[in-house]
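Please consult the sequence and the model while reading.

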Amino acid sequence: MLPLPKAATEDSPRIILGAMGGYDPAEYPVDELFKVYFLIMDLMMEEDDQMIVAGQMNIADMKHSTLAHFMAFTPTMMKKMTTMMQEG
């Protein structure tokens, strides 16, 4: 996950770029990657006025994603991630 440094305008959301195929799912568990993602988001909520005012927009690059990347997402994990994103 890479927060892009500059938004188009003052009221534009912060752009977060992610490349799902950029890691080996056998080496890095997806739950650990989500922990890092949420830590980055927590830091940005504390430090980034642009994100607090205008929100964020995630762009996911799926170019090099494989079936192994998608199989790492279990139904239980997806439910937890959805709950975290909706309720904080």
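Me: The model is predicted. Is Lys35 buried, partly exposed or exposed?
Reply: A residue counts as buried under 20% relative accessible area and as exposed over 50%, with partly exposed in between. Because the relative accessible area of Lys35 is 47%, Lys35 is partly exposed.

Me: With which residue does Lys35 form a salt bridge?
Reply: The closest N and O atoms of the pair are 3.3 Å apart. The salt bridge of Lys35 is formed with Glu32.

Me: Why are Glu32 and Lys35 separated by about one helical turn?
Reply: An α-helix has 3.6 residues a turn, so residues three or four places apart point the same way. Both Glu32 and Lys35 belong to helix α1, and about one helical turn separates them because they are 3 residues apart.

Me: How many salt bridges does the structure hold, and which residue pairs with Asp48?
Reply: The structure holds 2 salt bridges. In the one formed by Asp48, the closest N and O atoms are 2.7 Å apart. This pair links distant parts of the chain, since Asp48 is in the loop between α1 and α2 and its partner, 34 residues apart, is in strand β2. Both residues are buried, and the partner of Asp48 is Arg14.

Me: Which side of α1 holds Leu39, Leu43, Glu46 and Glu47?
Reply: The buried residues of helix α1 are Val30, Phe34, Tyr37, Phe38, Met41 and Met44. They cover an arc of only 120° around the axis, which means that they lie on the same side of α1. Elements covering these buried residues include β1, β2, α2, β3 and α4. Leu39, Leu43, Glu46 and Glu47 are exposed, and they are on the other side of α1.

Me: What distance does helix α1 reach from its first C-alpha to its last?
Reply: Helix α1 spans residues 30-47 and has 18 residues. At 1.5 Å a residue, the expected value is 26 Å, and the helix comes close to this, reaching 26 Å.

Me: Which residues make the nonpolar surface patch of about 400 Å²?
Reply: One of them, Ile59, is found in strand β3, residues 56-61. Patch residues need over 30% relative accessible area, and Ile59 is partly exposed at 40%. The patch is made by Leu2, Leu4, Leu17, Met57 and Ile59.

Me: What distance separates the C-alpha atoms of Thr76 and Gly22?
Reply: Thr76 lies in helix α4 and is exposed, with a relative accessible area of 51%. Thr76 and Gly22 are 54 residues apart along the chain, and their C-alpha atoms are separated by 24 Å.

Technical notes:
Residues numbered from 1 in each chain as written. Predicted model: local features only at pLDDT ≥ 70, side-chain atom pairs only at ≥ 80, totals over all residues. Heavy atoms only, no water. Patch = residues over 30% accessible without salt bridge, like charges linked within 9 Å, V, L, I, M, F, W, Y side chains within 5 Å. Areas by Shrake-Rupley, 256 points an atom, 1.4 Å probe, with all protein chains shown as cover. Salt bridge = Lys/Arg side-chain N within 4 Å of Asp/Glu carboxyl O. Helix = DSSP H or I, 4+ residues; strand = E, 2+ residues; numbered from the N terminus. Buried < 20%, exposed > 50% of the residue type's maximum accessible area, 1.4 Å probe, protein only. Expected span 1.5 Å × (residues − 1). Arc of directions from axis to C-beta. Contact = heavy atoms within 4.5 Å.
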